[in-house]
Number of protein chains: 2
Amino acid sequence: MQDSAGGITVTSEEKIYDCIIIGAGPGGLQAAIYLGRYNRDILLIDRGGGRTQHARHIENFLTQKEISGREIIEIGLEQARNFNVKVEKGTVTKVIKKNQFEIYAGEKRYLARFVIVSSGVYDHLPQIENLYKFLGTSFFTCIDCDGYRTTNKKLVIIGNSLKSVHLAIAMKEMFTKDITLILYTDRVPDEYREELVEENIRLIIGRPVKILGAEVIEGLELEDGQKVECAVIMSHFGYKLNDGFLSGLNLKRDRKGFKFIVNNNYESSLNGLYIVGPLNQGNDQVIIAAGEGAVAAIDIKKRLLEL
Amino acid sequence: MQDSAGGITVTSEEKIYDCIIIGAGPGGLQAAIYLGRYNRDILLIDRGGGRTQHARHIENFLTQKEISGREIIEIGLEQARNFNVKVEKGTVTKVIKKNQFEIYAGEKRYLARFVIVSSGVYDHLPQIENLYKFLGTSFFTCIDCDGYRTTNKKLVIIGNSLKSVHLAIAMKEMFTKDITLILYTDRVPDEYREELVEENIRLIIGRPVKILGAEVIEGLELEDGQKVECAVIMSHFGYKLNDGFLSGLNLKRDRKGFKFIVNNNYESSLNGLYIVGPLNQGNDQVIIAAGEGAVAAIDIKKRLLEL
């Protein structure tokens, strides 16, 4: 038959998966492991890459004293495959819901009774020379993940909004007394400047262009030639969601129109479509996404039994 | 000074922990790892034992193709200690809230700004000879954990309520066609009996007294001498919460008066006291409890910054 949405020819025998999982992040992988162990027909579609892949050194995941994001994903894929989850490489471009879900990836269309979205986010990273050399080892983007690794070190925080002032004060209380805050914006109200003076946090308005140091970070060079000594850098520019393929579904988001609203089982405002990981309003952490994936999978298990 | 609650003598210099975690289950350990990495003063009190210790073979935890509950706890304790969490052996008998929390364990009293309860549950297990020999390898108590390991095997389900009828039907759809349900109660309405006949699930009213088999389970012997062949057993008698030490706090529970009600950050109805793991209304799974522990820890981090 001819499909109205994409002009793709499908036969009426087309396979319907019990659940299709979009994205092999920790939430998607954990859901795949659970659903595979319920002996369900599960497809996991992943584009490759993803933010977890960039985490070189994770030390806050129960049972893993130190593991890289890449290892988490590789082991997770192996676990999922061992429970007969089918894994396909592909970039999902569109999701439609009719009687069941239709998932489009490249030239292909897949059908599913339930969908779990675990497509993650992209970090906004500033344009700074040598950034990728130190990313994940001494250039960080997440206080909950890597704040600890700045403990008692010479820290520079870079950001483009006043939220970074609060971040600097929090990091001073928890991690290190030696902090320079470099803001890209000069719109800093006096009360913020005073608070920073009180906290003994140096403030520079400027734009870093280069990380200095061969083996380890030694400092940051700014556009105006100024050099700021430091051993670790916390970057604070937020992230954007990898959610373009969901745009046709009109899913409910939070008041800012940013994150998706989900219920206690991580089901979105669209019946049967679940969203785990940093796309929902929860904290974006590997172990938390994994727990969410398990919760979503158990809910889908119950609903598949009712069909 | 003399304490009104317990008659224990304390000095005014008594240490106040930022957070005390009760129970080294996956939720408590994961919370300890997070809070330790915020460089907070954290004490974890554990009595030893606990249900996770009995899980010999966990294969649904992301990054661990196979791990025992004991290993999860041992590694988790090591991780927590590495982040300067203090671990003490003790059985908490009472929690009181005044200006801060007072936690009593044996002869000792500890003070804390926040508390995370991760004290877990006790499985109700029937009195059957040889049960502990096979517990966790072929005698199971949790469908989400171990249902998969009954796939295509000769299964006996034992239970004492009609809920076990639904469990049997669900297990037939997901795991194995060869099921005998042994119920301790003979109050089985006709419609339930008919459904079991339709599903081709054998029903026996009786009381198993002994598991047969030397190396592997070969069957169950009933009180009346009847023998039922099987390779795996799913026990379905529920569990009770390890919550006696919370009894003075009047915490809100669900409608059945069983599980504790918590908010999205796993905080109970008592300000500052968090409950993770199977004591709350969520699913009781290792990875889910771990995720809950991280969420609670991040919330406590924020609140400690506000003090």
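Buried area here is the accessible area (1.4 Å probe) that two parts lose on being put together, summed over both.

I am working on a predicted model, in which local features need pLDDT of at least 70 and side-chain atom pairs count only at pLDDT 80 or more, while totals for chains, interfaces and linings use all residues. Residues are numbered from 1 along each chain as its sequence is written, chains are lettered from A and ligands numbered from 1 in the order in which they are written, and side-chain values use heavy atoms, with hydrogens and water left out.

**Entry 1, chain B against chain A.** I looked up the area first. Chain B and chain A bury about 4,500 Å² between them, and carbon and sulfur atoms give 55% of that. For contact I took heavy atoms within 4.5 Å. On that rule chain B contributes 52 residues and chain A contributes 52 residues.

I counted a salt bridge as a side-chain nitrogen of Lys or Arg within 4 Å of a carboxyl oxygen of Asp or Glu. Between chain B and chain A there are eight salt bridges; over all chains the structure holds 34. I noted two pairs by name. A:D144 and B:K301 form a salt bridge with N to O at 2.9 Å. It runs from helix α4 (residues 143-146) of chain A to helix α7 of chain B. A:E59 and B:R37 form a salt bridge with N to O at 3.0 Å.

I then listed polar contacts (a pair of N or O atoms within 3.5 Å; within protein, one must be able to donate a hydrogen and the other to accept it, and residues adjacent in sequence count only if both atoms are side-chain atoms). Chain B and chain A have 34 residue pairs in polar contact, both residues at pLDDT 80 or more.

Helices (H or I, at least four residues) and strands (E, at least two) are DSSP runs, numbered from the N terminus. On the side of chain B that touches chain A, α1 (26-37), α2, α4 (143-146), α5 (163-174) and α7 (286-306) each supply at least two residues. The largest share, 11 residues, comes from α7(B). By class I found 26 nonpolar, 15 polar and 11 charged residues on this side. Ala, Val, Leu, Ile, Met, Phe, Trp, Tyr, Cys and Pro count as nonpolar, Asp, Glu, Lys and Arg as charged, and the others, Gly among them, as polar.

Rings of Phe, Tyr and Trp (its six-membered ring) pair if their centres lie within 6.5 Å; planes under 30 degrees apart count as stacked, over 60 as edge-to-face and the rest as tilted. I get seven aromatic pairs over all chains. The ring centres of A:F61 and B:F61 are 5.9 Å apart and the planes stand at 65°, so this pair is edge-to-face. In each chain F61 sits in the loop between β2 (42-46) and α2 (69-82), and the pair crosses between chains.

I find zero salt bridges between domain 1 and domain 2 of chain A.
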